[in-house]
Amino acid sequence: MKQNFISVFILLSTLLMVNAAPYQLNKRATKFIACPVKPTPPLFNNIILSPDPIVKGSNVTITASGSISVDIPKNIDVLAQVAFLDKDGILLADLDFVEFCSIEGINCPVKAGTNFEIVLNDIQVPDSNDLDAMTVAVRNNNAGVFFVCSESSDE
Ligand SMILES: *[C@@H]1O[C@H](CO)[C@@H](O)[C@H](O)[C@H]1NC(C)=O
């Protein structure tokens, strides 16, 4: 009985979310711009946050998609990573990262020009009043090379 109730609740919530989606798009709070690293890596084409805006001390799901002009190799050093930063660009928590090539739906090597999408679940947003920005990146952690990187912007 309790489970039925939960299923109905989830169904209703899903329907409500689908209904609300067009409105949420209009008031999407978070825009993404280039990361402040040199040389400037390409941005993701699109990043969807859920919830948007992110909530301090809660989890966020990040769906990031893009296509870039170089191959992303099959290499365990290639990580999808999320950083939460203060206004000086200092990390507020340990980097959240996952091996890029092991993400569901990703088939490495990802050839140049191929569209790819990563979903990062249960990313913990630091419970900090200093939270100013977040970055989402795919990076060769060993070589320090960013394949793609986007940083949130208030403007
Ligand atoms: C938030 O994410 C962490 C892992 O990053 C997980 O252990 C925890 O259960 C999640 N919390 C909720 C409420 O989903």
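This is a predicted model: local features need pLDDT of at least 70, side-chain atom pairs count only at pLDDT 80 or more; totals for chains, interfaces and linings use all residues.
Visitor: Where does Asn 129 sit in the chain?

Guide: Asn 129 is in the loop between strand 6 (116-124) and strand 7 (133-140). The C-alpha atom of Asn 129 is 8.1 Å from that of Lys 56, although the two residues are 73 apart along the chain.

Visitor: Now for backbone angles. How do I read phi and omega?

Guide: The general idea is that most residues other than glycine have a negative phi, and most peptide bonds are trans. In this model, Asp 122 has a positive phi, near 55°. Asp 122 belongs to strand 6, and it counts as exposed because it has 8 C-beta neighbours inside 10 Å.

Visitor: Which residues are joined by cis peptide bonds?

Guide: Ser 50 and Pro 51 are joined by one, with omega about 0°. Pro 51 lies in the loop between strand 2 (46-50) and strand 3. Cys 108 and Pro 109 are joined by a cis bond too, with omega about -5°, and Pro 109 is in the loop between strand 5 (96-99) and strand 6.

Visitor: How should I think about a nonpolar core?

Guide: In soluble globular proteins, nonpolar side chains tend to be buried together. Here the largest nonpolar core has 28 residues, and those touching the most other members are Ile 62, Ile 72, Met 134, Val 136, Ala 137, Val 138 and Val 148. Strand 3 (59-66), strand 4 (78-85), strand 7 and strand 8 (145-153) each give two or more residues to this core. Strand 4 gives the most, with 6 residues.

Visitor: Which residues does Val 148 touch, leaving out those up to four places away in sequence?

Guide: Val 148 touches Pro 41, Pro 42, Leu 43, Phe 44, Gly 66, Ile 68, Ala 137 and Val 138.

Visitor: How many bridges join strand 4 to strand 5?

Guide: There are 4 bridges between these antiparallel strands. To find one of the partners yourself, look at Gln 81: its bridge partner in strand 5 is Phe 97.

Conventions: Residues are numbered from 1 along each chain as its sequence is written. A nonpolar core is a set of buried Ala, Val, Leu, Ile, Met, Phe, Trp, Tyr and Cys residues joined through C-beta atoms within 7 Å. A residue is buried if 20 or more other C-beta atoms lie within 10 Å of its own, exposed if 12 or fewer, and partly exposed in between; C-beta atoms are placed from the backbone. Two residues are in contact if their C-beta atoms, placed from the backbone, lie within 7 Å. Two strands pair if DSSP finds at least two bridges between them.
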